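This report walks through a structure for a reader who has not seen it before. Please look over the sequence and the model before reading on.

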There are 2 protein chains.
Amino acid sequence: MRSPVGHADVPARPGREIPEATVARLPVYLRALTALVDGGTATCSSEELAGAAGVNSAKLRKDLSYLGSYGTRGVGYDVDYLRYQIAREIGLTHDWPVVIVGIGNLGHALANYSGFRSRGFRVVALLDAATTRHEELVAGLEVRPFDELEDIVGTQSVAIGVIATPAVAAQDVADRMVAAGITSILNFAPTVLSVPDGVDVRKVDLSIELQILAYHEQRKTGQLPTEGASA
Amino acid sequence: MRSPVGHADVPARPGREIPEATVARLPVYLRALTALVDGGTATCSSEELAGAAGVNSAKLRKDLSYLGSYGTRGVGYDVDYLRYQIAREIGLTHDWPVVIVGIGNLGHALANYSGFRSRGFRVVALLDAATTRHEELVAGLEVRPFDELEDIVGTQSVAIGVIATPAVAAQDVADRMVAAGITSILNFAPTVLSVPDGVDVRKVDLSIELQILAYHEQRKTGQLPTEGASA
DNA sequence: TAGATTGTTAATCGATTAACAATC
DNA sequence: TAGATTGTTAATCGATTAACAATC
(Lines give C-alpha, C1' and ligand atoms only; values in the text may rest on other atoms or scores of the structure.)
Protein backbone atom coordinates (compact mmCIF):
# COMPACT_ATOMS: atom_id res chain seq x y z
CA MET A 1 0.00 0.00 0.00
CA ARG A 2 2.38 2.67 1.23
CA SER A 3 5.77 3.24 -0.24
CA PRO A 4 7.32 5.58 2.35
CA VAL A 5 10.63 5.92 0.61
CA GLY A 6 10.39 6.77 -3.05
CA HIS A 7 11.57 3.58 -4.63
CA ALA A 8 9.91 1.46 -7.30
CA ASP A 9 7.47 -1.13 -6.07
CA VAL A 10 9.80 -4.00 -6.83
CA PRO A 11 9.07 -7.22 -5.02
CA ALA A 12 11.67 -7.31 -2.28
CA ARG A 13 14.22 -10.08 -2.26
CA PRO A 14 12.38 -13.36 -2.20
CA GLY A 15 12.22 -14.50 1.38
CA ARG A 16 11.66 -11.00 2.81
CA GLU A 17 8.42 -9.84 4.41
CA ILE A 18 7.95 -12.75 6.74
CA PRO A 19 4.37 -12.98 8.05
CA GLU A 20 3.93 -12.22 11.72
CA ALA A 21 2.52 -15.68 12.46
CA THR A 22 5.64 -17.20 10.96
CA VAL A 23 7.97 -14.92 12.92
CA ALA A 24 6.29 -16.05 16.13
CA ARG A 25 7.03 -19.68 15.28
CA LEU A 26 10.68 -19.29 14.28
CA PRO A 27 11.86 -19.36 17.91
CA VAL A 28 9.94 -22.60 18.39
CA TYR A 29 11.69 -24.18 15.42
CA LEU A 30 14.99 -22.88 16.70
CA ARG A 31 14.46 -24.55 20.03
CA ALA A 32 13.44 -27.83 18.41
CA LEU A 33 16.52 -27.73 16.19
CA THR A 34 18.78 -27.05 19.15
CA ALA A 35 17.31 -30.09 20.90
CA LEU A 36 17.97 -32.18 17.80
CA VAL A 37 21.57 -30.95 17.56
CA ASP A 38 22.09 -31.73 21.24
CA GLY A 39 20.65 -35.18 20.65
CA GLY A 40 23.16 -35.78 17.90
CA THR A 41 20.76 -35.65 14.94
CA ALA A 42 22.42 -34.37 11.77
CA THR A 43 19.48 -34.38 9.37
CA CYS A 44 15.73 -34.29 9.74
CA SER A 45 12.64 -34.17 7.55
CA SER A 46 9.96 -31.50 7.76
CA GLU A 47 7.75 -34.16 9.28
CA GLU A 48 10.19 -34.84 12.12
CA LEU A 49 10.92 -31.20 12.85
CA ALA A 50 7.25 -30.33 12.73
CA GLY A 51 6.54 -33.06 15.24
CA ALA A 52 9.21 -31.74 17.58
CA ALA A 53 7.85 -28.21 17.25
CA GLY A 54 4.21 -29.18 17.64
CA VAL A 55 2.96 -27.94 14.27
CA ASN A 56 1.97 -29.73 11.09
CA SER A 57 4.57 -30.23 8.40
CA ALA A 58 2.81 -28.20 5.71
CA LYS A 59 2.89 -25.17 7.96
CA LEU A 60 6.53 -25.75 8.81
CA ARG A 61 7.57 -25.98 5.16
CA LYS A 62 5.54 -22.92 4.29
CA ASP A 63 7.17 -21.01 7.15
CA LEU A 64 10.67 -22.05 6.16
CA SER A 65 9.99 -21.11 2.54
CA TYR A 66 9.82 -17.46 3.61
CA LEU A 67 13.44 -17.64 4.72
CA GLY A 68 14.78 -19.32 1.62
CA SER A 69 15.43 -22.85 0.39
CA TYR A 70 17.50 -24.45 3.07
CA GLY A 71 16.39 -28.05 2.59
CA THR A 72 17.22 -30.75 0.09
CA ARG A 73 14.38 -32.48 -1.73
CA GLY A 74 14.28 -36.16 -1.08
CA VAL A 75 16.61 -35.74 1.90
CA GLY A 76 15.43 -33.16 4.40
CA TYR A 77 17.21 -30.43 6.34
CA ASP A 78 20.72 -30.25 7.72
CA VAL A 79 19.85 -29.57 11.33
CA ASP A 80 22.83 -27.43 12.19
CA TYR A 81 22.68 -25.38 9.00
CA LEU A 82 18.95 -24.71 9.32
CA ARG A 83 19.40 -23.74 12.94
CA TYR A 84 22.01 -21.20 11.99
CA GLN A 85 19.83 -19.75 9.24
CA ILE A 86 16.89 -19.29 11.60
CA ALA A 87 19.10 -17.80 14.32
CA ARG A 88 20.47 -15.35 11.77
CA GLU A 89 16.99 -14.47 10.56
CA ILE A 90 15.81 -13.74 14.10
CA GLY A 91 18.98 -11.83 14.86
CA LEU A 92 20.44 -14.12 17.47
CA THR A 93 23.87 -14.27 15.94
CA HIS A 94 24.83 -11.41 18.21
CA ASP A 95 23.91 -10.64 21.82
CA TRP A 96 21.11 -8.28 22.79
CA PRO A 97 21.64 -6.25 25.95
CA VAL A 98 18.46 -6.03 28.03
CA VAL A 99 17.41 -4.04 31.08
CA ILE A 100 14.80 -5.22 33.56
CA VAL A 101 12.83 -2.64 35.49
CA GLY A 102 10.94 -3.68 38.62
CA ILE A 103 12.74 -6.23 40.74
CA GLY A 104 9.91 -7.77 42.71
CA ASN A 105 9.08 -11.47 42.66
CA LEU A 106 8.71 -11.59 38.92
CA GLY A 107 11.74 -9.40 38.24
CA HIS A 108 13.80 -11.75 40.39
CA ALA A 109 12.59 -14.73 38.42
CA LEU A 110 13.30 -13.01 35.11
CA ALA A 111 16.78 -11.92 36.20
CA ASN A 112 17.58 -15.50 37.14
CA TYR A 113 16.01 -17.07 34.06
CA SER A 114 18.78 -18.92 32.28
CA GLY A 115 16.79 -19.12 29.06
CA PHE A 116 17.55 -15.47 28.28
CA ARG A 117 21.28 -15.76 28.49
CA SER A 118 21.44 -18.98 26.56
CA ARG A 119 19.48 -17.49 23.72
CA GLY A 120 21.49 -14.37 23.13
CA PHE A 121 19.95 -11.97 25.62
CA ARG A 122 22.26 -10.43 28.18
CA VAL A 123 20.73 -8.74 31.19
CA VAL A 124 22.96 -5.70 31.70
CA ALA A 125 21.03 -3.95 34.45
CA LEU A 126 18.31 -4.39 37.05
CA LEU A 127 16.52 -1.21 38.02
CA ASP A 128 14.01 -0.46 40.72
CA ALA A 129 12.50 2.76 42.01
CA ALA A 130 12.49 1.59 45.64
CA THR A 131 15.68 2.61 47.39
CA THR A 132 15.26 -0.33 49.78
CA ARG A 133 16.07 -2.69 46.93
CA HIS A 134 19.17 -0.85 45.77
CA GLU A 135 22.50 -2.63 46.00
CA GLU A 136 20.75 -5.91 46.62
CA LEU A 137 22.45 -8.60 44.57
CA VAL A 138 20.14 -10.44 42.18
CA ALA A 139 21.54 -12.98 39.74
CA GLY A 140 24.96 -11.48 40.30
CA LEU A 141 23.86 -7.93 39.47
CA GLU A 142 23.35 -5.03 41.83
CA VAL A 143 19.87 -3.52 41.72
CA ARG A 144 20.31 0.11 40.60
CA PRO A 145 18.13 3.22 40.96
CA PHE A 146 15.64 3.68 38.15
CA ASP A 147 17.18 7.07 37.41
CA GLU A 148 20.21 5.40 35.95
CA LEU A 149 18.07 4.13 33.06
CA GLU A 150 19.10 6.79 30.52
CA ASP A 151 22.75 6.40 31.36
CA ILE A 152 22.72 2.61 31.07
CA VAL A 153 20.67 2.56 27.87
CA GLY A 154 22.99 5.09 26.32
CA THR A 155 26.33 3.61 27.30
CA GLN A 156 25.37 0.00 26.69
CA SER A 157 23.24 0.51 23.57
CA VAL A 158 20.23 -1.21 25.08
CA ALA A 159 17.37 -1.62 22.62
CA ILE A 160 15.14 -3.97 24.60
CA GLY A 161 13.54 -3.26 27.97
CA VAL A 162 11.53 -5.54 30.23
CA ILE A 163 8.86 -4.08 32.51
CA ALA A 164 8.06 -6.12 35.60
CA THR A 165 6.65 -3.34 37.77
CA PRO A 166 3.14 -3.02 39.20
CA ALA A 167 0.56 -1.86 36.67
CA VAL A 168 0.40 1.71 37.94
CA ALA A 169 4.08 2.33 37.26
CA ALA A 170 4.28 0.65 33.88
CA GLN A 171 3.29 3.55 31.62
CA ASP A 172 5.78 5.88 33.29
CA VAL A 173 8.51 3.32 32.95
CA ALA A 174 7.63 2.81 29.29
CA ASP A 175 7.74 6.56 28.65
CA ARG A 176 11.16 6.83 30.24
CA MET A 177 12.40 3.82 28.32
CA VAL A 178 11.24 5.29 25.04
CA ALA A 179 12.79 8.65 25.88
CA ALA A 180 16.05 6.90 26.68
CA GLY A 181 16.08 5.25 23.27
CA ILE A 182 14.60 1.80 23.87
CA THR A 183 12.53 0.65 20.91
CA SER A 184 11.32 -2.79 22.03
CA ILE A 185 9.47 -3.47 25.26
CA LEU A 186 8.38 -6.72 26.86
CA ASN A 187 5.63 -5.83 29.30
CA PHE A 188 4.65 -8.07 32.20
CA ALA A 189 2.54 -5.44 33.92
CA PRO A 190 -1.19 -6.03 33.45
CA THR A 191 -1.88 -2.78 31.64
CA VAL A 192 -2.12 -1.43 28.11
CA LEU A 193 0.90 0.67 27.22
CA SER A 194 0.80 3.48 24.72
CA VAL A 195 4.02 4.10 22.88
CA PRO A 196 4.97 6.03 19.74
CA ASP A 197 5.08 4.44 16.32
CA GLY A 198 8.28 2.55 15.78
CA VAL A 199 8.33 1.13 19.29
CA ASP A 200 7.28 -2.50 19.61
CA VAL A 201 5.52 -3.76 22.68
CA ARG A 202 4.82 -7.36 23.47
CA LYS A 203 2.76 -8.27 26.46
CA VAL A 204 2.82 -11.31 28.69
CA ASP A 205 -0.16 -11.49 30.97
CA LEU A 206 -0.34 -14.43 33.31
CA SER A 207 -3.89 -13.93 34.43
CA ILE A 208 -5.18 -13.50 30.88
CA GLU A 209 -3.77 -16.88 29.96
CA LEU A 210 -5.55 -18.46 32.89
CA GLN A 211 -8.78 -16.73 31.94
CA ILE A 212 -8.60 -18.13 28.43
CA LEU A 213 -8.16 -21.59 29.91
CA ALA A 214 -11.10 -20.99 32.25
CA TYR A 215 -13.32 -20.06 29.33
CA HIS A 216 -12.67 -23.37 27.60
CA GLU A 217 -12.74 -25.31 30.84
CA GLN A 218 -16.15 -24.00 31.59
CA ARG A 219 -17.46 -25.29 28.30
CA LYS A 220 -15.92 -28.71 28.80
CA THR A 221 -17.48 -29.35 32.14
CA GLY A 222 -20.86 -28.36 30.85
CA GLN A 223 -21.25 -25.43 33.21
CA LEU A 224 -22.30 -23.13 30.42
CA PRO A 225 -22.82 -19.67 31.80
CA THR A 226 -26.29 -19.26 30.36
CA GLU A 227 -27.39 -22.79 31.10
CA GLY A 228 -30.97 -22.60 32.22
CA ALA A 229 -31.09 -18.85 31.69
CA SER A 230 -33.44 -17.33 29.17
CA ALA A 231 -32.56 -14.71 26.60
CA MET B 1 -18.33 -30.41 10.75
CA ARG B 2 -18.52 -32.98 13.54
CA SER B 3 -21.63 -33.56 15.57
CA PRO B 4 -20.30 -35.72 18.39
CA VAL B 5 -23.56 -36.06 20.21
CA GLY B 6 -26.44 -37.00 18.01
CA HIS B 7 -28.43 -33.81 17.96
CA ALA B 8 -29.78 -31.86 15.05
CA ASP B 9 -27.46 -29.34 13.48
CA VAL B 10 -29.43 -26.41 14.79
CA PRO B 11 -27.56 -23.14 14.94
CA ALA B 12 -26.69 -22.84 18.59
CA ARG B 13 -28.08 -19.97 20.59
CA PRO B 14 -27.01 -16.76 18.91
CA GLY B 15 -23.90 -15.60 20.66
CA ARG B 16 -22.39 -19.10 21.02
CA GLU B 17 -19.27 -20.28 19.18
CA ILE B 18 -17.06 -17.37 20.05
CA PRO B 19 -13.99 -17.15 17.79
CA GLU B 20 -10.70 -17.91 19.49
CA ALA B 21 -9.30 -14.45 18.72
CA THR B 22 -12.28 -12.92 20.46
CA VAL B 23 -11.97 -15.19 23.50
CA ALA B 24 -8.36 -14.06 23.89
CA ARG B 25 -9.49 -10.42 24.03
CA LEU B 26 -12.35 -10.80 26.49
CA PRO B 27 -10.00 -10.74 29.51
CA VAL B 28 -8.53 -7.49 28.17
CA TYR B 29 -11.96 -5.91 27.95
CA LEU B 30 -12.77 -7.21 31.39
CA ARG B 31 -9.70 -5.53 32.81
CA ALA B 32 -10.48 -2.25 31.06
CA LEU B 33 -14.04 -2.33 32.35
CA THR B 34 -12.86 -3.01 35.89
CA ALA B 35 -10.57 0.00 35.64
CA LEU B 36 -13.51 2.12 34.45
CA VAL B 37 -15.73 0.91 37.29
CA ASP B 38 -12.98 1.68 39.77
CA GLY B 39 -12.66 5.12 38.23
CA GLY B 40 -16.34 5.75 38.78
CA THR B 41 -17.45 5.57 35.14
CA ALA B 42 -21.01 4.30 34.75
CA THR B 43 -21.34 4.32 30.96
CA CYS B 44 -18.94 4.20 28.05
CA SER B 45 -19.01 4.06 24.27
CA SER B 46 -17.34 1.38 22.19
CA GLU B 47 -14.83 4.05 21.20
CA GLU B 48 -13.85 4.73 24.81
CA LEU B 49 -13.67 1.10 25.84
CA ALA B 50 -11.71 0.20 22.73
CA GLY B 51 -9.23 2.94 23.56
CA ALA B 52 -8.78 1.63 27.08
CA ALA B 53 -8.31 -1.89 25.78
CA GLY B 54 -5.94 -0.94 22.99
CA VAL B 55 -8.04 -2.18 20.06
CA ASN B 56 -10.13 -0.39 17.44
CA SER B 57 -13.80 0.10 18.09
CA ALA B 58 -15.04 -1.94 15.14
CA LYS B 59 -13.24 -4.97 16.48
CA LEU B 60 -14.56 -4.37 19.96
CA ARG B 61 -18.17 -4.14 18.79
CA LYS B 62 -17.76 -7.22 16.63
CA ASP B 63 -16.30 -9.11 19.58
CA LEU B 64 -19.08 -8.07 21.92
CA SER B 65 -21.70 -8.99 19.33
CA TYR B 66 -20.74 -12.66 19.80
CA LEU B 67 -21.83 -12.45 23.43
CA GLY B 68 -25.15 -10.77 22.80
CA SER B 69 -26.53 -7.25 22.63
CA TYR B 70 -25.46 -5.64 25.84
CA GLY B 71 -25.23 -2.05 24.65
CA THR B 72 -27.76 0.66 23.91
CA ARG B 73 -27.69 2.38 20.52
CA GLY B 74 -27.09 6.07 20.81
CA VAL B 75 -25.93 5.66 24.39
CA GLY B 76 -23.19 3.06 24.84
CA TYR B 77 -22.59 0.35 27.41
CA ASP B 78 -23.41 0.18 31.09
CA VAL B 79 -19.93 -0.50 32.39
CA ASP B 80 -20.89 -2.63 35.35
CA TYR B 81 -23.44 -4.68 33.44
CA LEU B 82 -21.09 -5.37 30.54
CA ARG B 83 -18.34 -6.33 32.94
CA TYR B 84 -20.61 -8.86 34.58
CA GLN B 85 -21.65 -10.33 31.25
CA ILE B 86 -18.06 -10.79 30.13
CA ALA B 87 -17.05 -12.27 33.49
CA ARG B 88 -19.92 -14.72 33.21
CA GLU B 89 -18.98 -15.64 29.66
CA ILE B 90 -15.38 -16.35 30.66
CA GLY B 91 -16.52 -18.25 33.71
CA LEU B 92 -15.19 -15.95 36.38
CA THR B 93 -18.37 -15.79 38.37
CA HIS B 94 -17.01 -18.64 40.45
CA ASP B 95 -13.51 -19.42 41.71
CA TRP B 96 -11.14 -21.78 39.93
CA PRO B 97 -8.82 -23.81 42.14
CA VAL B 98 -5.31 -24.03 40.68
CA VAL B 99 -2.18 -26.03 41.53
CA ILE B 100 1.32 -24.83 40.74
CA VAL B 101 4.04 -27.43 40.20
CA GLY B 102 7.67 -26.36 40.37
CA ILE B 103 8.42 -23.81 43.08
CA GLY B 104 11.65 -22.28 41.81
CA ASN B 105 12.07 -18.58 41.10
CA LEU B 106 9.16 -18.46 38.68
CA GLY B 107 6.92 -20.66 40.82
CA HIS B 108 7.55 -18.29 43.74
CA ALA B 109 6.59 -15.33 41.61
CA LEU B 110 3.44 -17.04 40.36
CA ALA B 111 2.40 -18.11 43.85
CA ASN B 112 2.73 -14.53 45.02
CA TYR B 113 1.06 -12.98 41.99
CA SER B 114 -1.98 -11.15 43.29
CA GLY B 115 -3.54 -10.95 39.83
CA PHE B 116 -4.60 -14.57 40.05
CA ARG B 117 -6.52 -14.30 43.27
CA SER B 118 -8.19 -11.07 42.31
CA ARG B 119 -9.47 -12.57 39.08
CA GLY B 120 -11.08 -15.69 40.41
CA PHE B 121 -8.15 -18.07 40.56
CA ARG B 122 -7.32 -19.62 43.90
CA VAL B 123 -3.96 -21.31 44.33
CA VAL B 124 -4.79 -24.32 46.46
CA ALA B 125 -1.42 -26.09 46.40
CA LEU B 126 2.25 -25.64 45.60
CA LEU B 127 4.06 -28.83 44.67
CA ASP B 128 7.71 -29.59 44.12
CA ALA B 129 9.62 -32.81 43.60
CA ALA B 130 12.64 -31.62 45.60
CA THR B 131 12.31 -32.63 49.24
CA THR B 132 14.52 -29.70 50.22
CA ARG B 133 11.70 -27.34 49.31
CA HIS B 134 8.99 -29.15 51.23
CA GLU B 135 7.31 -27.39 54.11
CA GLU B 136 8.81 -24.11 52.99
CA LEU B 137 6.14 -21.42 53.25
CA VAL B 138 5.47 -19.56 49.99
CA ALA B 139 2.66 -17.06 49.76
CA GLY B 140 1.20 -18.54 52.91
CA LEU B 141 1.14 -22.09 51.55
CA GLU B 142 3.39 -25.00 52.45
CA VAL B 143 5.25 -26.51 49.53
CA ARG B 144 4.06 -30.14 49.25
CA PRO B 145 5.58 -33.25 47.67
CA PHE B 146 4.66 -33.73 44.04
CA ASP B 147 3.19 -37.12 44.90
CA GLU B 148 0.28 -35.44 46.59
CA LEU B 149 -0.92 -34.18 43.21
CA GLU B 150 -3.58 -36.86 42.64
CA ASP B 151 -4.94 -36.45 46.14
CA ILE B 152 -5.17 -32.67 45.94
CA VAL B 153 -6.66 -32.61 42.44
CA GLY B 154 -9.25 -35.17 43.51
CA THR B 155 -10.30 -33.67 46.82
CA GLN B 156 -10.27 -30.07 45.68
CA SER B 157 -11.68 -30.59 42.16
CA VAL B 158 -8.75 -28.86 40.51
CA ALA B 159 -9.19 -28.47 36.75
CA ILE B 160 -6.29 -26.12 36.03
CA GLY B 161 -2.61 -26.82 36.58
CA VAL B 162 0.39 -24.53 36.18
CA ILE B 163 3.77 -26.00 35.24
CA ALA B 164 6.79 -23.95 36.31
CA THR B 165 9.38 -26.72 36.36
CA PRO B 166 12.54 -27.04 34.26
CA ALA B 167 11.89 -28.22 30.70
CA VAL B 168 13.04 -31.79 31.30
CA ALA B 169 10.42 -32.39 33.96
CA ALA B 170 7.49 -30.73 32.22
CA GLN B 171 6.17 -33.64 30.15
CA ASP B 172 6.16 -35.96 33.16
CA VAL B 173 4.35 -33.38 35.23
CA ALA B 174 1.81 -32.89 32.44
CA ASP B 175 1.22 -36.65 32.19
CA ARG B 176 0.63 -36.89 35.91
CA MET B 177 -1.66 -33.89 35.85
CA VAL B 178 -3.74 -35.37 33.05
CA ALA B 179 -3.89 -38.74 34.82
CA ALA B 180 -5.07 -36.97 37.95
CA GLY B 181 -7.92 -35.31 36.08
CA ILE B 182 -6.59 -31.89 35.17
CA THR B 183 -7.88 -30.74 31.80
CA SER B 184 -6.28 -27.30 31.41
CA ILE B 185 -2.57 -26.61 31.68
CA LEU B 186 -0.63 -23.37 31.68
CA ASN B 187 2.93 -24.26 30.76
CA PHE B 188 5.88 -22.00 31.56
CA ALA B 189 8.50 -24.63 30.79
CA PRO B 190 10.19 -24.06 27.44
CA THR B 191 9.09 -27.32 25.86
CA VAL B 192 6.30 -28.67 23.68
CA LEU B 193 3.87 -30.77 25.70
CA SER B 194 1.85 -33.57 24.22
CA VAL B 195 -1.48 -34.21 25.87
CA PRO B 196 -4.61 -36.14 24.90
CA ASP B 197 -7.51 -34.55 23.07
CA GLY B 198 -9.74 -32.66 25.40
CA VAL B 199 -6.87 -31.23 27.42
CA ASP B 200 -6.03 -27.60 26.71
CA VAL B 201 -2.49 -26.34 26.96
CA ARG B 202 -1.44 -22.73 26.83
CA LYS B 203 2.19 -21.83 26.78
CA VAL B 204 3.99 -18.78 28.09
CA ASP B 205 7.56 -18.58 26.89
CA LEU B 206 9.60 -15.65 28.04
CA SER B 207 12.51 -16.14 25.72
CA ILE B 208 10.28 -16.60 22.67
CA GLU B 209 8.73 -13.21 23.32
CA LEU B 210 12.16 -11.63 23.48
CA GLN B 211 13.18 -13.36 20.28
CA ILE B 212 10.15 -11.97 18.45
CA LEU B 213 11.14 -8.50 19.64
CA ALA B 214 14.71 -9.10 18.53
CA TYR B 215 13.54 -10.04 15.04
CA HIS B 216 11.74 -6.73 14.62
CA GLU B 217 14.46 -4.79 16.38
CA GLN B 218 17.01 -6.10 13.95
CA ARG B 219 14.98 -4.83 11.02
CA LYS B 220 14.55 -1.40 12.57
CA THR B 221 18.19 -0.77 13.13
CA GLY B 222 18.98 -1.76 9.61
CA GLN B 223 21.17 -4.67 10.54
CA LEU B 224 19.39 -6.94 8.10
CA PRO B 225 20.85 -10.40 8.39
CA THR B 226 21.42 -10.83 4.67
CA GLU B 227 22.61 -7.30 4.11
CA GLY B 228 25.40 -7.46 1.63
CA ALA B 229 24.98 -11.18 1.13
CA SER B 230 23.99 -12.56 -2.23
CA ALA B 231 21.27 -15.10 -2.89
C1' DT C 1 -37.00 15.20 15.71
C1' DA C 2 -31.79 15.28 15.40
C1' DG C 3 -27.72 13.35 17.04
C1' DA C 4 -25.29 9.53 18.66
C1' DT C 5 -23.83 5.02 18.78
C1' DT C 6 -24.68 0.18 18.47
C1' DG C 7 -24.88 -4.28 15.99
C1' DT C 8 -24.33 -6.28 11.51
C1' DT C 9 -23.04 -6.69 6.79
C1' DA C 10 -19.81 -7.36 3.32
C1' DA C 11 -15.32 -6.65 1.61
C1' DT C 12 -10.60 -7.41 2.50
C1' DC C 13 -6.81 -9.31 4.40
C1' DG C 14 -3.86 -12.82 6.34
C1' DA C 15 -3.11 -17.68 7.92
C1' DT C 16 -3.71 -22.52 7.30
C1' DT C 17 -3.84 -26.66 4.81
C1' DA C 18 -3.82 -30.28 1.25
C1' DA C 19 -2.04 -31.56 -2.79
C1' DC C 20 1.51 -32.07 -6.02
C1' DA C 21 5.16 -30.76 -9.31
C1' DA C 22 9.99 -30.25 -8.86
C1' DT C 23 14.01 -32.46 -7.81
C1' DC C 24 17.42 -34.70 -4.93
C1' DT D 1 15.71 -45.24 -12.12
C1' DA D 2 12.53 -45.39 -8.00
C1' DG D 3 11.58 -43.46 -3.71
C1' DA D 4 11.53 -39.67 -0.81
C1' DT D 5 10.78 -35.15 0.48
C1' DT D 6 10.98 -30.30 -0.41
C1' DG D 7 9.03 -25.85 -1.97
C1' DT D 8 4.97 -23.87 -4.01
C1' DT D 9 0.34 -23.46 -5.59
C1' DA D 10 -4.33 -22.80 -4.85
C1' DA D 11 -8.27 -23.53 -2.09
C1' DT D 12 -10.18 -22.77 2.31
C1' DC D 13 -10.74 -20.84 6.51
C1' DG D 14 -10.79 -17.32 10.03
C1' DA D 15 -9.91 -12.49 11.51
C1' DT D 16 -10.10 -7.64 10.66
C1' DT D 17 -12.07 -3.51 9.14
C1' DA D 18 -15.02 0.10 7.15
C1' DA D 19 -19.37 1.40 6.36
C1' DC D 20 -24.02 1.93 7.49
C1' DA D 21 -28.81 0.62 8.67
C1' DA D 22 -31.15 0.11 12.91
C1' DT D 23 -32.55 2.36 16.83
C1' DC D 24 -32.03 4.60 21.24
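## Terms and model

A residue is called buried when its relative accessible area is under 20%, exposed when that area is over 50%, and partly exposed in between. By this rule A:Ala139, at 40% relative accessibility, counts as partly exposed. The model discussed here is predicted.

## Chain A overall

Chain A contains nine helices and 10 strands. Of its 231 residues, buried ones make up 47%.

Among contacts between residues at least 6 apart in sequence, 55% join residues at least 24 apart.

## Two loop residues with positive phi

Most residues other than glycine have a negative phi. A:Ala139 is not a glycine, yet its phi is positive, at about 55°. This residue sits in the loop between β6 (137-138) and β7 (141-145) of chain A.

A:Ser157 also has a positive phi, near 55°, and is a residue other than glycine. Its place is the loop between α7 (149-156) and β8 (160-163) of chain A. With a relative accessible area of 55%, A:Ser157 is exposed, because exposed means over 50%.

## Buried positions in chain A

A:Asp63 belongs to helix α3, residues 57-65 of chain A. Is A:Asp63 buried or exposed? A:Asp63 has a relative accessible area of 2%, so it is buried. The side chain of A:Asp63 makes a polar contact, at 2.5 Å, with the side chain of A:Tyr29. Apart from neighbours within four places in sequence, A:Asp63 is in contact with A:Thr22, A:Arg25 and A:Tyr29.

A:Leu126 is part of strand β5, residues 121-128 of chain A. A:Leu126 counts as buried because its relative accessibility is 0%. Beyond its neighbours within four places in sequence, A:Leu126 has contacts that include A:Ile100, A:Ile103, A:Ala111 and A:Val138. A:Glu142 is also among the residues in contact with A:Leu126. A:Leu126 and A:Glu142 are 16 residues apart in sequence, and their C-alpha atoms are 7.0 Å apart in space.

## Helix α8 in chain A

A:Met177 lies in helix α8, residues 167-180 of chain A. At 0% relative accessibility, A:Met177 is counted as buried. Its contacts, leaving aside neighbours within four places in sequence, include A:Val99, A:Val101, A:Leu149 and A:Gly161. Further residues in contact with A:Met177 are A:Val162, A:Ile163, A:Ile182 and A:Ile185. Between A:Met177 and A:Glu150 there are 7.7 Å from C-alpha to C-alpha, and the two are 27 residues apart in sequence.

## Helix packing in chain B

Two packed helices are described by the angle between their axes and the distance between the axes. In chain B, helix α7 (residues 149-156) and helix α8 (residues 167-180) pack at an angle of about 40°, with their axes 9 Å apart. The crossing of α7(B) past α8(B) is right-handed. From α7(B), the contact is made by B:Leu149, B:Glu150 and B:Val153, and from α8(B) by B:Arg176, B:Met177 and B:Ala180. These contact residues divide into four nonpolar, two charged and no polar ones.

## Contacts between the chains

A:Gln211 is located in helix α9, residues 206-220 of chain A. The relative accessible area of A:Gln211 is 1%, so this residue is buried. Which residues is A:Gln211 in contact with, leaving aside its neighbours within four places in sequence? They are B:Pro27, B:Leu30, B:Ile90, B:Leu92, B:Arg119 and B:Phe121.

B:Ala24 is found in helix α1, residues 20-38 of chain B. B:Ala24 counts as partly exposed because its relative accessibility is 29%. Leaving aside neighbours within four places in sequence, B:Ala24 is in contact with A:Ile208 and A:Ile212.

## An exposed loop residue in chain B

B:Asp197 is in the loop between β9 (184-187) and β10 (200-203) of chain B. Its relative accessible area is 79%, so B:Asp197 is exposed. B:Asp197 and B:Thr183 are 14 residues apart along the chain, and 9.5 Å separates their C-alpha atoms.

Technical notes: Residues numbered from 1 in each chain as written. Chains lettered and ligands numbered in written order. Predicted model: local features only at pLDDT ≥ 70, side-chain atom pairs only at ≥ 80, totals over all residues. Heavy atoms only, no water. Helix = DSSP H or I, 4+ residues; strand = E, 2+ residues; numbered from the N terminus. Buried < 20%, exposed > 50% of the residue type's maximum accessible area, 1.4 Å probe, protein only. Polar contact = N/O pair within 3.5 Å; in protein donor to acceptor, adjacent residues only side chain to side chain. Contact = heavy atoms within 4.5 Å. Axes fitted to C-alpha atoms, helices over the stretch in contact; angles between N-to-C directions. Left-handed = near helix turned anticlockwise from the far one by under 90°. Nonpolar A, V, L, I, M, F, W, Y, C, P; charged D, E, K, R; others polar.
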